[in-house]
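Welcome to this tour! Please open the model in your viewer and keep the selection tool at hand.

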Amino acid sequence: MHIRHLPYPDPGTPDVRSGHHFLLWLGRQQLGGQAKSLAWGTLHLLSVAALPLAVGLAVQAVVDRSGERLALAGALMALLGAGATVGDTMLHRTAITNWVTAAARVQQLLARRTASLGATLTQRVAAGEVVAVSTGDIEKVGWCVESASRFSAALLVSLSVCAGLIAYEPELGGLVAAGLLVLTLVILPMLPRATRRADLQREKAGRATELAADTVAGLRVLRGIGGEQLFLERYRKASQEVRGSAVRTARMWALIEAVQVALPGLLLIAVIWQGTRMTTDGRLAVGELVTVYGAVTFLLFPLRMFQEFAMAYSFSRPSATRAARVLALHHATEARTAAAPGTAAALRPEGDLYDPASGVLAAAGQLTAVVCGDADAAGVLADRLGGHALAPSPDGEEVLLGGVALDDAPLDVARTAVLVQDKDPVLLSGTLEELMDVPSSGEVAVRDALEAAQCGDVLAALAQGSPGTDADPLRVRITERGRSLSGGQRQRLALARSLVTDPAVLVLDEPTSAVDSHTESRIATALHRIRAGRTTVVLTSSPLVLDCADQVLLVQDGRVTASGPHRKLLHTDADYRAVVTRQTDEELTERTGSA
Amino acid sequence: MIGVAPPAYDPAASESVTTLPVGTPATVRAYVRLLFRRHRRAFVLLVTVNAIAVTASMVGPYLLGTVVEDLAAGVEDIPLERTVALFAVALLVQTVFIRMVRLRGAMLGEEMLADLREDFLVRSVGLPPGVLERAGTGDLLSRITTDIDRLANAMREAVPQLAIGVVWAALLLGALTVTAPPLALAVLIALPVLITGCRWYYRRAPAAYRSEAAGYAAVAGALAETVDAGRTVEAHRLGARRIGLSEQRIAEWTAWERYTLWLRTIIFPTLNLSNVLVLGSVLMLGGVFVLEGWISVGQLTTGALFSQMLFEPVSLILRWYDELQVAQVSLARLVGVREIEPDSGDGALSPDGRRMQADEVRFGYHEGADVLHGVTLDVPPGTRVALVGPSGAGKSTLGRLLAGIYGPREGEVTLGGAELSRMPAERVRRHVALVNQEHHVFVGSLRENLLLARTDADDSELRAALGAVGADDWADGLTDGLDTEVGSGGVAVTPAQAQQIALARLVLADPHTLVLDEATSLLDPRAARHLERSLAQVLEGRTVVAIAHRLHTAHDADVIAVVEQGTISELGSHDTLVAADGAYAALWRSWHG
């Protein structure tokens, strides 16, 4: 796989039984890349390992005063230099390719899983885990998978160098091999402690960043009412804690580094001691002593790769476990609805929408308004009206569209027939044009929808706010979640988007709660006109909207208690009047009493 | 064609909307100088311990050289014990000082990093409210998260490591020159290769790494948005499009990975080649020199080992120099905040009384595009004024002017005869508070969330404030009481409760004049109704300017001002306006039936 061919046409089906399985699966997906990386790594390390040989040969040649052998050593050095250079560069290329392809594959898997989870992601744990995997875990997982081949190369080469040394000069070779073993055994147990400290430090740093981001996010509140010093002090404390924790981590690393200097140093002293005596005894040539000295210095290099792999593995295990867990998530209603297949074709979206649990009946082709005494209950009702709800109705009664249970239709079919716009619809970032580009019936033009939702001032504000785009507001980028827009503007854009979709049944939960009365009354009129002949349900308590509905239902304690046109209910039903005119009972008695 | 061209799409270009200034090179330099001055002692210490460690590390090769020299000369009684003892002492010194170098380096880096992030927040919380209101907090937010993050590595590693690397390389070169001056010449052979490669690389690398990082962040960003919008994605059947977007981001990011990989495909061989060139030319030239009798075998051995040691500091310098260049951009963004004029209020200005007046006020956000066209409004103390009117008419803008956040372009807004916009923000807020839809609940305890309004309040006062806004029932129910952690990650707070916290802060801050900008509009109507009742109690006796989108709020006000197209078109009490039969009256009829 080349980087330029990414993304994968199909990222495959991962083995998500456990983190370990997942890592193995990822590794298996790039066996070719791993083999290449192993081969180049071996070339690189072997060349570097053999350099001391050339140095030793050169020194020996000089000692023996042989210009010819010096030239030979030079040629060997050129060859090894070329090998090291090509090996190092290609190792890096293959290793990075392995990392990038593994990371891209996991990102793709994650994107697919996330898209299919949909509303299930409103459960916070799931959402947090997905984000954590995509922001931090993938890098570690990719690193672990990638470093496997480099580790193997390092192991291979250091074993062969040790073997070479032993074969070449058993006494010194044995000394070096034993020394290396001790070094590895001393350092490896120190690594987990260092990584634990690093984890703690990261956690504290995350906390400090969170505090800073939170302070900045609420800065307008702070500047408006005070308390800056309080929050600064708090952040200073967190920031100093991060510093302290980082220094503690550094202490551990400093110790490890000192050990990494001291132990090989001792080994070098031993080599000089033993080597010099062997040389004076005539058992070792001078050049060979230099070679052994050089080889010991070299061996520290693969040793670092061992350490790196040990760290990569210990770091990435929890990450891989979390990634596997996220990739194994399923849509909340999948189990429930998979039990009743086969009714897909029977759905008749042009019929009445009926919820037996509450008695809410939205007549086909009409604008029905529902007034709920309790706002949370309204949200649950809206969710249920769309079918495949996260919280199924208590006694298992299913919402029917044209007499067919929505839950029996596949999720996509149900969502096509009924669009529920919840209380807090999210505007995805992009241009206004992209925002309005949603799967739709194609019968409502974007301009018409924007006009019906009274988005004129939003368009004007967008055109004004960005000079570069030649005043075409449709091409202006809206920031993430539309944060640059006011609550009312966001609500109207969301409504326009739902109108563009133009579903057979549209359920709107408080679509104009943040819109001022002037605009709201215009939206209500336009909504009735643009949805003519289509089924629409609006959950609201605004008289301006209710006044435009064909039929109004009052739902109290989960059941429909009154129905009729707005003006009639206003005059005949005291409960209704109390809810929509927002007078509390006391105020009501007060007012009637004084009148 | 050999090589990879930089991808056409640059994710770093559209990374964040820059609404605040980015530091000029002069500001950045001045700040870096300041930082260095503050930490001069730590720097000197780091360089010193590093020099000792490096010098000690050169003893080994030197000793090996003498041993080789003696062996080659066939000396019989080599002072082996003395050599080994010297080596051991040097090793001890090196071990101790290497540990110190590493530790001191980290301490220095961490201190500078802490300074940097704390300085930035100090500057940020001092920004004039008008700047914040205009620029929004998005840009600041990305600076304190993304840019600080990017700088972390640079400060924590790059600065100390570069200091270490430079000292190290210089000492090695010096030692090489002292050991065998002719050998130092050999190093020069590799220099042109190294310089040419580095120049090519550094001209391209910093920008490329920035784009690569931005591209990677965009991949995570697209996914985070899909997660955040889960319900919307499902309702609108946007799943396939979100997957498509994620894959497009992946393609954009990996294109940059491919490009930076190509850059390294040049710099890696350059580095390796110069290393081999140095070692090779030291050995070959040195060998010839020995054969010619200009230097000894021992000098050659030591020199060869020194030149081999050069590889590490050189790659250290190259590696971290990279990081420093990337960090420079982030640093410029962080210190850019210093270029904003701090709130330059006139400390001597103090209101005399509570009467609020706007006189022929004209104001616009952009040159030549006024939002308000000559608004005059007189608000006597204790009056409740409601501003109503269609979206975009200028209600919120007028509210912000009345709260002293912006100063008018023409005309003036005064409180007790003193011009609001010329007072420092800290003074304005003792008198006037603006409450908008933004009910931020800070990460932290409920106590901290309230204390910000009056830092010296005790628990009974905090409880009383919660009681005044009707929040005592749920607040008392919290397991840890006032110590309960709220905000993101803590106990979830409903929008209504967040609103109550905001109001409780107002009770504590106790300003005599309030500007309410659709403060309850994001709440569901039923919760809003209860809140407005508690609000009414809090507001008793105060001057209130309420931007209302619900007519019953207007109905209860003493004066209603209908704002249309940047002017006040109708002004009077509810009954007067209904009798006048204008726009307000029409709306009221449709609202109330």
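Begin with chain B and select residues 43-64, 84-101, 158-177, 183-202 and 266-291: an unreviewed UniProt entry annotates them as "transmembrane region". Positions from UniProt are given in the numbering used here, with feature names shortened, and such annotations may be inferred rather than shown by experiment. This is a predicted model, in which local features need pLDDT of at least 70, side-chain atom pairs count only at pLDDT 80 or more, and totals for chains, interfaces and linings use all residues. Residues are numbered from 1 along each chain as its sequence is written, while chains are lettered from A and ligands numbered from 1 in the order in which they are written.

Now zoom in on residues 43-64 of chain B, which are 95% helix and 0% strand, with end C-alpha atoms 33 Å apart. Residues 266-291 of chain B come next: this span is 100% helix and 0% strand, and its end C-alpha atoms lie 37 Å apart. (Helices, H or I of at least four residues, and strands, E of at least two, are DSSP runs numbered from the N terminus.)

Next, show both chains. How many residues of chain B are in contact with chain A? There are 127, and they meet 139 residues of chain A; contact means C-beta atoms, placed from the backbone, within 7 Å. On the chain B side, helix 9 (residues 239-292) gives the most, with 24 residues.

Finally, select chain A, which has 21 helices and twelve strands.

Technical notes: Contact = placed C-beta atoms within 7 Å.
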